[in-house]
Amino acid sequence: MTARALDELVEALGIEVDPELLVLALTHRSFAHEAGGIPTNERLEFLGDSVLGVVVTEHLYRTHPDRAEGDLAKMRAATVSQRALSAVAREIGLGQYLLLGRGEQGTGGHDKDSILCDTLEAVIGAVYLCHGLEPTRAFVQRLVGARLTDAAGLGAGLDWKTSVQELAAERGLGAPVYRIEATGPDHQRHFVATLALDRQDWGEGEGSSKKIAEQRAAENAYRALEAAGGGEA
């Protein structure tokens, strides 16, 4: 990792970060293993995940005083999901700076949702160690602020699996059943989920994890049910 590359990333982040901590935040376990067992970004990811959760939770609590706990939890989940955070990571070009092993490089690890999400959380952890809570709060809100705003109006999209389950119950279709097919090697699994209600398929979704595939299948099933029944989001 060159000094120039670190300077570029710091500029993209919009906040100074200790170079050693920033390199650590970018160090995926595949790179660490090939480099002889050097430290990975996993401890920083653990810290950053907690800091992110506190900042987002407090923001939602303060800005939506009339929303129930269940709604707030769904809004938080939508904001800090792997899908949402990997999109933020792409917006700041984080993928090009990742330190990955040869295997991960060869299988597109620089653009893999799970790796981008985890690395962004590690970067948040590094920012917190360098600056403390308040500057990190401003950093996090700048990163995910638009998604926090959008979450308030997502409706069913806050949690497609719960929403389709509730809609199916209203229509007497029973509980959703998900069929999962997984392909590819362990380090690059691809999942396809199909949601069935009352033995009829209603939606299919794909993703890099079972959870993502199921959410996308639930979204497509919910929209199909709405179209079939004339309901509203």
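Reader: Strand 2 and strand 3, in which sense do they pair, and over how many bridges?
Author: Strand 2, residues 190-197, pairs with strand 3 in the antiparallel sense over seven bridges. Two strands count as paired if DSSP finds at least two bridges between them. The model is a predicted one, where local features need pLDDT of at least 70, side-chain atom pairs count only at pLDDT 80 or more, and totals for chains, interfaces and linings use all residues. Residues are numbered from 1 along each chain as its sequence is written, and side-chain values use heavy atoms, with hydrogens and water left out.

Reader: OK, what order do the strands of the sheet have?
Author: The sheet is open, with three strands in the order 1-2-3 and antiparallel pairing. Its edge strands are strand 1 (177-183) and strand 3 (200-207), each pairing on one side only. From one strand to the next, the twist averages 20°.

Reader: What stands opposite phenylalanine 191?
Author: That's glycine 207, in strand 3.

Reader: And which helix lies across those strands?
Author: Helix 11, residues 210-229, lies across strand 1, strand 2 and strand 3, and runs at about 140° to strand 3. Axes here are lines fitted to C-alpha atoms, for helices over the stretch in contact, and angles run from 0 to 180 degrees between N-to-C directions.

Reader: Zooming out, how many helices and strands does the protein have?
Author: There are 11 helices and three strands. Helices (H or I, at least four residues) and strands (E, at least two) are DSSP runs, numbered from the N terminus. Going from the N terminus, the elements run α-α-α-α-α-α-α-α-α-α-β-β-β-α.

Reader: What does the C-alpha trace span?
Author: About 60 × 45 × 25 Å along the principal axes.

Reader: Helix packing next. At what angle do helix 4 and helix 5 pack?
Author: Helix 4 (residues 42-63) and helix 5 (residues 69-80) pack at about 135°, with axes 10 Å apart. They are therefore oblique to each other. For the cut-offs, angles under 35 degrees are roughly parallel, over 145 roughly antiparallel, 65 to 115 roughly perpendicular, and the rest oblique.

Reader: Which residues meet there?
Author: On helix 4 they're Leu52, Gly53, Val56, Thr57 and Leu60, and they meet Leu72, Met75, Arg76, Thr79 and Val80 in helix 5. By class, that contact has six nonpolar, three polar and one charged residues. Ala, Val, Leu, Ile, Met, Phe, Trp, Tyr, Cys and Pro count as nonpolar, Asp, Glu, Lys and Arg as charged, and the others, Gly among them, as polar.

Reader: What about helix 5 and helix 6, how far apart are their axes?
Author: Those axes are 4 Å apart, and helix 5 packs with helix 6 (residues 82-91) at about 40°. That makes helix 5 oblique to helix 6. Ala78, Thr79 and Val80 in helix 5 meet Gln82, Ala84 and Leu85 in helix 6.

Reader: What is threonine 27 in contact with?
Author: Leaving aside neighbours within four places in sequence, threonine 27 is in contact with Ala32, Ile38, Pro39, Thr40, Asn41 and Leu99. Contact means heavy atoms within 4.5 Å.

Reader: And tyrosine 61, buried or exposed?
Author: Tyrosine 61, in helix 4, counts as exposed, at 61% relative accessibility.

Terms used. Buried < 20%, exposed > 50% of the residue type's maximum accessible area, 1.4 Å probe, protein only.
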